[in-house]
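Subject: Structure handover and findings

Hello,

Here is the structure for your files. My notes on it follow below.

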Amino acid sequence: MRVTDTSDLWWKSAVIYCLDIETFYDADGDGVGDLGGLADRIDYLAELGITCLWLMPFYPSPDRDDGYDITDFYGVDSRLGNHGQLVEVIRTAHDRGINVIADLVVNHTSDKHPWFQASRRSTTNRYRDYYVWRDTEPPDTSKLVVFPDQEDSIWERDARTGEWYLHNFYKHQPDLNLANPAVVDEILRVVGFWLELGFDGFRVDGIPFLEQHAENAGDAAGTVDPHELMRTIRAFLNRRTGWSMMLGEVNLPHPQQRAFFGGKAANELQMQFDFIGMQATYLSMAREDARPLVRALKQRPTIDETCQWATFLRNHDELTLDKLSDAERQEVFAAFGPDPEMQVFDRGLKRRLPGMLGGDPRRIRMAYSLMFSQPGTPTLYYGEEIGMGEDLAVDGRMAVRTPMQWSGGRNGGFSSATPGRLIQPVVTGARGPEHVNVVAQMHDPDSLWSFMRKLISIRRTCPELGWGTWSVVDQPERSVLVQRCQLDGSAVVIVHNLAADPVTVEVPIDPRGDDLEAVDLMSDEVLTGGATTTVALDGYGYRWLRVRPAGDLAIP
């Protein structure tokens, strides 16, 4: 691997941090986070070690779906700031070596978008075909709805024209007609606009619903090939910049995921979230058995060397468990979210990690070490680095979209506004800001924040995890996962104990018979031995071992 490769394909070595501007930091005291506040906190992200910032939607919106119901794809919500302040955020991030990507929502708009307002006025206006309409009553589609507590169909009758429009999500989010070339042209203009303002790529929202679009619409729309759309956007990115990337939300089985990478041509998405690996991680932690995770990682399809998986334990939605069997899902529920108020639609959890793991600092750190050690690009959701909790009193996905906890003061240091004016209530209780906040943890070398900063630093010294060849090292303990990643003659061996009981294992270090040793990157302890070395692990223990020539103190 050449140094130039790591720059050209920067996403393979990145550490991604996702945040919602409106809940991150409020600089002007109106109770809503803003771009001025985010600019003030870019240095915080740089000190943590973040190299890619993912911004959730900042576009103008009625905010009925936390900004994913968009009224202007070219705009900035006035509550958050303006285009000039957004450019300041991007410029400041770039100055600190941080790339910035934006949410790209191509499936739908808000029903308040001018396109849809025009579309519903008559059956003959120029924007009618920007959306998917039908003039016959649709069949029962209740099994296809995404939010069964809110919707009972993916079609909604519009009284003005007496026809029905398609909405895979909420009825206030009509689906765009992606079979219409004019709509695709608009999408490309949107992409080009934000590239010109300095963005380095996009996280593409809800890709499986693009794939289902034609099937759900039946005869109401032309055939939509979501792969063709991804290839079209990718080709446009390549023409405009050559180094921008697309990170896809593709919660599908592995064969379909591989297709959205573009297969051998590698001409669609550069990155995809590993939903299957995430769900298997929780099943393995619930069972204290590494085998479900090993199976999921081994079943990952082979992808082009320019492509990458994004690993994560938490994101801005409910923690979906839909790729587990019913019995497996119930195991995870029983372990990490047994109460109905902790669950969403019987398919996922609305909890953050600390609550799920009972606040056990050993287990929390092991979980993040495990996630960072999986081959791919680690992705954090804001507040994970300090162990923020959730607000179970809030419905659904909003339970984990609470204000960032900067200090132990009023509103957790998020805003100077009165608490009643905040965009979302601050978490209370054991995970509230008086117990969990940035200021206290940054000054505590034993805090979760200090651990995460060190973990990110170590991960960034291990290019093998983003670029190398991954394998599982066989050993007899079910609770132990031993991974080996190697690249151009260098290797790291990472060992995790998923169980509460301590264990000792023999770990192969020198399979070629060379004179090698291992140094623990967490403690700088040098482990010696012959072909193997003895590794003692505490309950929920972990070791990151850099394999090197014996006595070699040089940086590999």
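In which loop does Glu288 lie? The loop is the one between α11 (275-287) and α12 (291-299), where helices (H or I, at least four residues) and strands (E, at least two) are DSSP runs, numbered from the N terminus.

Two points on the source. This is a predicted model, in which local features need pLDDT of at least 70 and side-chain atom pairs count only at pLDDT 80 or more, while totals for chains, interfaces and linings use all residues. Residues are numbered from 1 along each chain as its sequence is written, and side-chain values use heavy atoms, with hydrogens and water left out.

Positive phi

Glu288 is not a glycine, yet has a positive phi of about 55°. With a relative accessibility of 26%, Glu288 is partly exposed; buried means under 20% relative accessible area, exposed over 50%, and partly exposed in between (1.4 Å probe, protein chains only). Asp524, also not a glycine, has a positive phi of about 70°. Asp524 is placed in the loop between β19 (516-520) and β20, and at 61% relative accessibility is exposed. For context, most residues other than glycine have a negative phi.

Met56 and the cysteines

Met56 is in the loop between β2 (52-55) and α4 (83-95). Its relative accessible area is 0%, so Met56 counts as buried. Leaving aside residues up to four places away in sequence, Met56 has contacts (heavy atoms within 4.5 Å) with Cys18, Leu19, Asp20, Asp66, Tyr68, Asp103, His316, Tyr381 and Arg401. The C-alpha atom of Met56 is 43 Å from that of Ile509, which is 453 residues away along the chain.

With a disulfide taken as a pair of cysteine sulfur atoms within 2.5 Å, the count is zero. For Cys18, the nearest cysteine sulfur is that of Cys52, 10 Å away. For Cys307, the nearest cysteine sulfur is also that of Cys52, at 16 Å. Cys18 is buried, with a relative accessible area of 2%, and Cys307 is buried at 2% relative accessibility.

Nonpolar cores

A nonpolar core here is a set of buried Ala, Val, Leu, Ile, Met, Phe, Trp, Tyr and Cys residues joined through side-chain atoms within 4.5 Å. The largest has 141 residues, and Tyr17 and Phe58 touch the most other members. Helix α6 (residues 181-196) gives the largest share of this core, eight residues. Another core lies apart from it and has 17 residues, among them Val495, Val503, Val505 and Val507. In soluble globular proteins, nonpolar side chains tend to be buried together.

Val503, Val505 and Val507 form the covered face of strand β18 (residues 503-508), whereas Thr504, Glu506 and Pro508 form the uncovered one.

Strand pairing

Two strands pair if DSSP finds at least two bridges between them. β18 pairs with strand β21 (residues 532-537) in the antiparallel sense over six bridges, and Val505 has Val535 in β21 as its bridge partner.

Six strands make up an open sheet with antiparallel pairing, in the order β15-β16-β17-β22-β19-β20. The edges are β15 (469-472) and β20 (526-527), each with a single partner strand, so one side of each has no neighbour in the sheet. Within this order, strands β16 (residues 480-487) and β17 (residues 490-497) run antiparallel and are joined by eight bridges. Gln483 has Ile494 in β17 as its bridge partner.

Aromatic rings

Rings of Phe, Tyr and Trp (its six-membered ring) pair if their centres lie within 6.5 Å; planes under 30 degrees apart count as stacked, over 60 as edge-to-face and the rest as tilted. There are 33 aromatic pairs. Trp10 and Trp11 make an edge-to-face pair, 5.8 Å centre to centre with 75° between the planes, and both are buried. Phe58 and Tyr59 make a tilted pair, 4.5 Å centre to centre with 40° between the planes; Phe58 and Tyr59 are buried. Ring pairs also link Tyr17, Phe24, Tyr25, Tyr44, Tyr381, Tyr382, Trp406 and Trp449 into a cluster.

A charge sits over a ring if NZ of Lys or CZ of Arg is within 6 Å of the ring centre and within 35 degrees of the ring normal. The charged end of Arg41 sits over the ring of Tyr25, 3.8 Å from its centre, and that of Lys12 over the ring of Trp467, 5.1 Å from its centre.

Regards
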